[in-house]
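Okay, thanks for making time, everyone. I'd like to walk through some side-chain contacts today, charged groups to begin with and then rings. Here it is on the screen.

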Amino acid sequence: QRLCDNDPGVMGATLCPLYDLILEDPNAYKDLVVSFVNILKQVAERRLPTSYDYHQMPAPFIQIKLLKILAVLGSGDKSASGHMYTVLGDIFRKGDTASNIGNAILYECICCVSCIFPNSKMLDAAAETTSKFLKSDSHNLKYMGIDALGRLIKINPDIAEQHQLAVIDCLEDPDDTLKRKTFELLYKMTKSTNVEVIVDRMIEYMISITDHHYKAEIASRCVELAEQFAPSNQWFIQTMNKVFEHAGDLVNIRVAHNLMRLIAEGFGEEDEGADSQLRSSAVNSYLRILGEPKLPSSFLQIICWVLGEYGTADGKHPASYIIGKLCDVAEAHPTDDTVRGYAVSAILKIFAFEIAVGRKSDMLPEFQSLVDELSSSHSTDLQQRAYEVQALLGLDKQAVESVMPIDASCEDIE
């Protein structure tokens with residue numbers, strides 16, 4: 001009853017309890033849709049006294065409350081939404097982007113359009129307004145643009161495409177909250193056609209932040225997107241390398257195991273040439289990366305495993321060179337038993353492969369002293385590995401071949 005009161009103040013006040021009631025049970029108030037639309041139309045057409053204007057906008061707080069109500073009533077309801085399109089179109093057309101309150105009404109209008117039954121004209125108008133927000137110099141408006149776009153792409157993912165560059169640019173903004181909101185949106189926008197651009201920018205952003213918890217979150221999102229949409233195995237490995245290099249200790253160890261498995265299994269097709277090229281480029285990139293200071297433990301484990309398995313496979317690098325590099329890794333990480341274990345096992349494999357092809361490998365002095373040191377290590381695991389290396393070197397060619405077959409990481413063990 002009071003919704004039809006002659007006093008706009010009373011009418012506006014009734015919207016608050018009505019909104020709460022409608023949130024509880026929208027179906028009970030569907031018959032009021034036409035009334036709400038008529039009131040919104042009258043307000044937008046400036047039929048209320050000017051004393052209700054605020055910054056030249058007609059009763060904006062009443063407009064905003066009505067838009068919130070219509071969003072709930074029109075959700076998933078085609079006939080209810082049909083009554084709303086005309087008035088929403090009028091609000092978009094008359095929208096005033098010069099004032100905060102004008103932008104607030106437009107933003108609420110976009111929220112309403114993203115909730116009610118979809119209409120292509122309304123979505124176009126909402127996307128156009130969103131574009132203005134994104135291009136603004138104001139952090140607040142950019143934030144609203146990012147938020148609005150996140151709502152719209154749930155209905156039509158293609159809308160994101162035309163705004164992709166504007167969204168990516170928001171990662172450059174000094175405002176931290178905006179950056180986080182942008183990051184969330186980029187994650188939702190990613191598909192196979194834009195994964196390279198988006199993940200590269202997300203990694204740049206990850207490198208620039210110091211908050212460990214947030215860095216770990218970005219790293220895991222980058223990994224997830226790369227696993228889901230990678231255009232090629234080559235790109236996937238390069239991307240994983242960057243993630244491990246800059247946030248390795250924050251990444252779940254499962255991801256490291258997946259990467260090793262991918263390099264071992266290759267493309268999964270019968271293309272042996274492509275697989276060996278993939279491994280060869282992984283070996284070359286890891287030999288380069290070993291020169292970097294402070295590599296994370298999980299990344300060093302991957303590097304050691306790949307160098308042990310494929311370091312000499314393409315014939316470019318002599319065994320002594322790879323063994324020397326692996327000795328450097330073990331020496332540089334005296335307190336990391338896992339990395340040292342990986343390094344020793346990798347060297348063991350290289351010796352085995354050399355013996356299998358009939359090349360007698362002599363113990364390098366630095367490896368000999370490493371084995372001597374590990375033979376009396378407090379770690380029983382490292383001790384055992386050291387004794388295994390010495391035992392293997394005393395075996396004949398046939399025995400070594402059956403103990404350590406070449407490139408057999410994917411073979412089933414009988």
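Before the charges, a quick definition: when I say salt bridge, I mean a side-chain nitrogen of Lys or Arg within 4 Å of a carboxyl oxygen of Asp or Glu. And keep in mind that this is a predicted model.

Let's start with lysine 41. Its partner in a salt bridge is glutamate 45, and the closest N and O atoms are 3.0 Å apart. Now, glutamate 45 also meets the side chain of arginine 47 in a salt bridge, at 2.7 Å, N to O. Shared partners like that join Lys41, Glu45 and Arg47 into one network.

Buried or exposed, what about arginine 47? It's exposed, because its relative accessibility is 53% and the cut-off for exposed is over 50%. Lysine 41 is partly exposed, at 32%, and glutamate 45 is partly exposed too, at 29%.

Next one: arginine 221 and glutamate 184, a salt bridge at 3.5 Å, N to O. This pair ties together distant parts of the chain, with arginine 221 in helix H12 (residues 212–229) and glutamate 184 in helix H10 (residues 176–189), 37 residues apart. Arginine 221 has 18% relative accessibility, so it counts as buried, given that buried means under 20%. Glutamate 184 is partly exposed, at 29%.

Arginine 221 has something else going on: it lies over the face of tyrosine 187, at 4.1 Å from the ring centre. There's another arginine over a ring, too. Arginine 180 lies over the face of tyrosine 214, at 3.8 Å from the ring centre. And tyrosine 214 belongs to a cluster, where ring pairs link it with Phe183 and Tyr205.

Which brings me to the rings. Searching the whole structure turns up 8 aromatic pairs. One of them is tyrosine 54 with phenylalanine 61, a tilted pair, 5.5 Å centre to centre and 50 degrees between the planes. Phenylalanine 61 is exposed, at 54% relative accessible area, while tyrosine 54 is partly exposed, at 38%.

Then we have tryptophan 305 and tyrosine 310, which are edge-to-face: 6.1 Å centre to centre, with 80 degrees between the planes. Where do those two sit, buried or exposed? Tryptophan 305 is buried, and tyrosine 310 is as well.

Okay, that's my tour. Over to you.

Terms used. Residues are numbered from 1 along each chain as its sequence is written. This is a predicted model: local features need pLDDT of at least 70, side-chain atom pairs count only at pLDDT 80 or more; totals for chains, interfaces and linings use all residues. Side-chain values use heavy atoms; hydrogens and water are left out. Rings of Phe, Tyr and Trp (its six-membered ring) pair if their centres lie within 6.5 Å; planes under 30 degrees apart count as stacked, over 60 as edge-to-face and the rest as tilted. Buried means under 20% relative accessible area, exposed over 50%, partly exposed in between (1.4 Å probe, protein chains only). A charge sits over a ring if NZ of Lys or CZ of Arg is within 6 Å of the ring centre and within 35 degrees of the ring normal. Helices (H or I, at least four residues) and strands (E, at least two) are DSSP runs, numbered from the N terminus.
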